[in-house]
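Reader: I would like to learn how to read a structure like this one, feature by feature. Please show it to me, and then I will ask.

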Amino acid sequence: MSYLLTSMEEVRKENEKKQRILELKEAIKKAEAEWNTSDVEKLKKELKGLTNESFLTKVFKCDGRY
C-alpha cells in the first residue's frame, strides 16, 4: 500500500512540475513579446533549473520496466 502511495505522490509531483514548465514557457513568450529582457532571462533560468536532471538521477531512476 505504501508503494502505491509513494507512486501516486511521485506522479503528482511530476504533473505539478510539467504544469509549472508550461506556465514558464507561456510567461517567457509573453515577456519576449513585451520586450522585457530581464524577466525573460530570469524565467529561462528557472525553466532550466526545472528541466535539467542530474546524470545520477537519470541513471538510478527506476521506472519499473525491468
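Reader: With which residue does Arg20 form a salt bridge, and how far apart are the closest N and O atoms?

Author: Start with the general idea. Side chains of opposite charge can pair when their charged atoms come close. The cut-off here is a side-chain nitrogen of Lys or Arg within 4 Å of a carboxyl oxygen of Asp or Glu. Arg20 pairs with Glu23, and their closest N and O atoms are 3.5 Å apart.

Before we go on, a word on the source. This is a predicted model, in which local features need pLDDT of at least 70 and side-chain atom pairs count only at pLDDT 80 or more, while totals for chains, interfaces and linings use all residues. Residues are numbered from 1 along each chain as its sequence is written, and side-chain values use heavy atoms, with hydrogens and water left out.

Reader: Why are Arg20 and Glu23 separated by about one helical turn?

Author: Because they are three residues apart in helix α1. Helices are DSSP runs (H or I, at least four residues), as strands are (E, at least two), and both are numbered from the N terminus.

Reader: Are Arg20 and Glu23 buried, partly exposed or exposed?

Author: Read the relative accessible area. Buried means under 20%, exposed over 50%, and partly exposed in between (1.4 Å probe, protein chains only). Arg20 has 32%, so it counts as partly exposed. Glu23 has 37%, so it is partly exposed too.

Reader: Which side chain meets that of Arg20 in a salt bridge with an N to O distance of 2.7 Å?

Author: That of Glu46. Glu46 lies in helix α2 and Arg20 in helix α1, so the pair ties together parts that are 26 residues apart in sequence. Glu46 counts as partly exposed because its relative accessibility is 35%.

Reader: What does the salt bridge between Lys44 and Glu32 tie together?

Author: Their side chains meet at 3.7 Å, N to O. Lys44 is in helix α2 and Glu32 in helix α1, so this pair ties together parts that are 12 residues apart in sequence. Lys44 is partly exposed at 38%. Glu32 is partly exposed at 40%.

Reader: How many salt bridges does a search of the whole structure find?

Author: Five. Some form a network: Glu9, Arg12 and Glu16 are linked by salt bridges.

Reader: Now the overall fold. How many helices and strands are there?

Author: Three helices and zero strands. Along the sequence the pattern reads α-α-α.

Reader: What share of the protein chain is buried?

Author: Of its 66 residues, 11% count as buried. The chain exposes about 6100 Å², and carbon and sulfur atoms supply 57% of that area. Such areas come from the Shrake-Rupley method with a 1.4 Å probe; for residues, only the protein chains shown count as cover.

Reader: Which residues make up the largest nonpolar core?

Author: In soluble globular proteins, nonpolar side chains tend to be buried together. A nonpolar core is a set of buried Ala, Val, Leu, Ile, Met, Phe, Trp, Tyr and Cys residues joined through side-chain atoms within 4.5 Å. Here the largest one has seven residues: Ile21, Leu24, Ile28, Ala31, Val40, Leu43 and Leu47. The largest share, four residues, comes from α1.

Reader: What does Leu43 touch, leaving out residues up to four places away in sequence?

Author: Contact means heavy atoms within 4.5 Å. On that count Leu43 touches Leu24, Ala27, Ile28 and Ala31. Leu43 sits in helix α2. At 13% relative accessibility, Leu43 counts as buried. Its C-alpha atom is 7.5 Å from that of Ala27, 16 residues apart along the chain. For Ile21, with the sequence neighbours up to four places away again left out, the contacts are Leu47, Leu50 and Thr51.

Reader: Last one. What is the phi of Trp35?

Author: Most residues other than glycine have a negative phi. Trp35 has a positive value, near 55 degrees. Trp35 is in the loop between α1 (2-33) and α2 (37-51). At 76% relative accessibility, Trp35 counts as exposed.
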